[in-house]
Amino acid sequence: MGGLDGVATLIHLVRGGEVAETRKTPHTVIADGPHRRVLRYGDDAARAAARDGSRPPVLLIPPLAVSTDCYDLTPGLSLVEHLLATGRVPYVVDFGDMTREDRDLGFEEFVTDIVPGAISAVVADLGGDRADDESGDEAPNVEVDLIAWSLGGTIGFLTLAADPGLPVRSMTAVGTPLDYDRVPPYPLVKTLMKPIGTAPVSLALRALGGIPAPLVQVAYRGTAWQRELKKPGYIIRNAHDPEALTRMKAIDRFQETMPGYPGRASEQMWENFIMRGELASGVVHFDDLTIDLSKVGVPVQLFGSHRDAIVSWEAAHHGVDLFTGSPRVEFTTVETSHLGLIAGTAAVEQTWPRIDEFLAGLD
């Protein structure tokens with residue numbers, strides 16, 4: 001590879017240039033509303049195939065402060081593209097951007113309203129909410145498989161525990177933190193904050209109205225500082241590999257479009273999950289709402305990595321002991337980064353095939 005070509009490519013990309021045209025998997029909006037937009041991927045033929053119940057639809061739940069691009073990063077690194085190729089119809093609930101106007105939005109709204117509403121939208125889209133279909137036959141009995149990455153898994157589990165009667169067949173959580181005492185540096189933070197309590201941080205989050213998007217983006221890049229340092233060399237080495245550079249740019253765009261955390265939800269993460277360890281204990285208290293995670297009664301699949309700089313392997317593995325009401329809890333280790341668990345080469349080679357096996361076993 002010519003050094004000059006590599007330097008020219010580096011300058012081009014630093015100036016905001018692109019390697020190839022951005023392409024997303026075609027989708028249809030089936031439900032819309034504040035923080036509850038639901039997208040269906042695939043054509044009408046795929047939707048019709050899902051109605052027979054042999055391969056239930058999949059609803060993807062993103063984390064807070066992350067765009068739905070995590071599931072459709074770029075061709076070749078798109079989970080929705082993969083699910084369609086295996087004959088499953090993927091849906092995604094899009095929480096959208098979070099601003100100061102959303103400062104009162106807490107986990108209660110997500111787990112008792114937004115996500116259950118998205119599940120209902122999927123069922124309705126496949127005709128499962130009607131007494132009979134257009135031909136007069138009995139409507140299909142539609143169940144949904146949930147797949148979520150990172151904090152999206154927390155939302156999924158809390159949703160299932162809050163209403164065990166939801167039409168959900170299984171729950172897959174990839175890189176989901178389930179014990180914050182096992183996620184550095186939270187144990188140290190708890191020790192330092194113990195003399196003064198949770199109030200100072202809670203008040204700061206309330207004053208900010210949450211965690212603004214720019215802070216989230218900077219923090220995420222900070223966890224991947226090695227990637228940032230190695231990026232110039234990577235560009236020069238791959239100057240003649242458009243596919244590699246296109247994937248790199250897709251990750252950059254993903255980091256640059258992260259929304260913020262809503263105020264109340266960020267306070268709950270700080271107080272309930274980090275300082276009081278309620279998520280790890282299995283019982284979470286949100287004012288008048290108490291959620292017992294032992295009520296998660298569907299098969300569960302978990303993924304973790306020792307190389308994940310955001311969610312430790314131990315924090316993800318805690319779910320093996322946590323979901324005592326589940327008939328089956330499986331855990332798979334995939335050694336890669338946090339994003340790599342769901343949308344990297346390791347995801348393509350290990351995470352996605354394991355999800356396929358899990359769902360096929362339920363079929």
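Visitor: Which residues in α7 meet which residues in α11?
Guide: This is a predicted model, and contact here means heavy atoms within 4.5 Å. On the α7 side you will find Val 201, Ser 202, Leu 205 and Arg 206. Their partners in α11 are Ser 266, Glu 267, Trp 270 and Glu 271.

Visitor: How do the residues of that contact divide into nonpolar, polar and charged?
Guide: Val, Leu and Trp count as nonpolar, while Glu and Arg count as charged. The contact of α7 with α11 therefore divides into three nonpolar, two polar and three charged residues.

Visitor: Are α7 and α11 roughly parallel or roughly antiparallel to each other?
Guide: Follow helix α7 (residues 199-208) and helix α11 (residues 263-275): their axes come within 9 Å and cross at roughly 170°. Angles over 145 degrees count as roughly antiparallel. The two helices are therefore roughly antiparallel.

Visitor: What kind of pair do the rings of Phe 107 and Phe 286 make?
Guide: The structure holds eight aromatic pairs, so let us look at one of them. The ring centres of Phe 107 and Phe 286 are 5.9 Å apart, with the planes at 5°. Planes under 30 degrees apart count as stacked, so this pair is stacked.

Visitor: How many residues apart are Phe 107 and Phe 286?
Guide: Phe 107 lies in helix α4 (residues 107-125), and Phe 286 in strand β9 (residues 283-286). Their pair links distant parts of the chain, 179 residues apart.

Visitor: Is Phe 286 buried or exposed?
Guide: Buried means under 20% relative accessible area. Phe 107 has 0% relative accessibility and counts as buried. Phe 286 has 2%, so Phe 286 also counts as buried.

Technical notes. Residues numbered from 1 in each chain as written. Predicted model: local features only at pLDDT ≥ 70, side-chain atom pairs only at ≥ 80, totals over all residues. Heavy atoms only, no water. Axes fitted to C-alpha atoms, helices over the stretch in contact; angles between N-to-C directions. Helix = DSSP H or I, 4+ residues; strand = E, 2+ residues; numbered from the N terminus. Parallel < 35°, antiparallel > 145°, perpendicular 65-115°, else oblique. Phe/Tyr/Trp six-rings, centres within 6.5 Å; stacked < 30°, edge-to-face > 60°. Buried < 20%, exposed > 50% of the residue type's maximum accessible area, 1.4 Å probe, protein only.
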